[in-house]
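Please show me the structure, and let me ask about its parts.

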Amino acid sequence: MPGLILMFSPRQVEKAMGLDGISNRLLEFSPHHPRLMNLREIDRPVFEGNNFEFVKEGQAWTGISKDKLYVCFGFHLLWTGVAEAWLIPDRDLGKKRHVWHRASLKWFDFIAKELLLWRFQAHVCSENPLADRWISSVLFKKEGLCQRYGPDSRDYAIYGRLF
């Protein structure tokens, strides 16, 4: 993909997401960040043993509101035109859901436009109704079920959003 920029600074992404960069801001993601968060029990198995080796610089961020980490998120390019999105929510994300939900809608559009994506996809644990509702609310459609897909052998639904 000649001329394609695969790295985005936290400031670039803040601007695209409509964040003020002060009370709601981004840091470059670190594998240490999820360990500082209050994860829900259903999310723990996925992230406690994960070394995040798939994360590349400029492709993942941590969202902070008033010095509390609320969400880690990013993408990795599978091949030209297709990327996988991922997200780690703090248990208290609901307190800031309006800020981060609006920002996430803008984020998907920004990344898709910048990388000329025709597809974003994500996997969601089938036993996680909160995550299921959220991914649907950011315009992803459920496409199927991946049996025993997760690190804890749980089933995961695959969702896609076309651009």
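Questions and answers on the fold follow.

This is a predicted model: local features need pLDDT of at least 70, side-chain atom pairs count only at pLDDT 80 or more, and totals for chains, interfaces and linings use all residues. Residues are numbered from 1 along each chain as its sequence is written, and side-chain values use heavy atoms, with hydrogens and water left out.

Reader: In what order do the seven strands form the open sheet?

Author: Helices (H or I, at least four residues) and strands (E, at least two) are DSSP runs, numbered from the N terminus. Two strands pair if DSSP finds at least two bridges between them. The pairing here is mixed, and the order is β1-β2-β3-β4-β5-β7-β6.

Reader: Which are the edge strands?

Author: An edge strand of this sheet pairs on one side only. That holds for β1 (24-28) and β6 (141-146).

Reader: Which residue in β7 is the bridge partner of lysine 142?

Author: β6 pairs with β7 (residues 156-162) in the antiparallel sense, over five bridges. Lysine 142 has its bridge partner in β7. That partner is tyrosine 159.

Reader: How are α1 and α3 placed to each other?

Author: Axes are lines fitted to C-alpha atoms, for helices over the stretch in contact, and angles run from 0 to 180 degrees between N-to-C directions. The axes of α1 (residues 10-17) and α3 (residues 97-115) come within 8 Å and cross at roughly 110°. Angles of 65 to 115 degrees count as roughly perpendicular. The two helices, α1 and α3, are therefore roughly perpendicular.

Reader: Which residues of α1 meet α3?

Author: Contact means heavy atoms within 4.5 Å. On the α3 side, the residues include Trp100, Trp107 and Phe110. On the α1 side, they are Val13, Ala16 and Met17.

Reader: Which strands does helix α4 lie across?

Author: Helix α4 spans residues 129-137. It runs at about 165° to β5. The strands it lies across are β4 (82-89), β5 (119-125) and β7.

Reader: Is phenylalanine 52 buried or exposed?

Author: Phenylalanine 52 sits in the loop between α2 (44-48) and β2. Its phi is near 55°, a positive value in a residue other than glycine. Buried means under 20% relative accessible area, exposed over 50%, partly exposed in between (1.4 Å probe, protein chains only). At 3% relative accessibility, phenylalanine 52 counts as buried.

Reader: What is the relative accessible area of serine 153?

Author: Serine 153 lies in the loop between β6 and β7. Phi of serine 153 is also positive, near 70°. Serine 153 is partly exposed, and its relative accessible area is 34%.

Definitions and conventions:
Angles under 35 degrees count as roughly parallel, over 145 as roughly antiparallel, 65 to 115 as roughly perpendicular and the rest as oblique.
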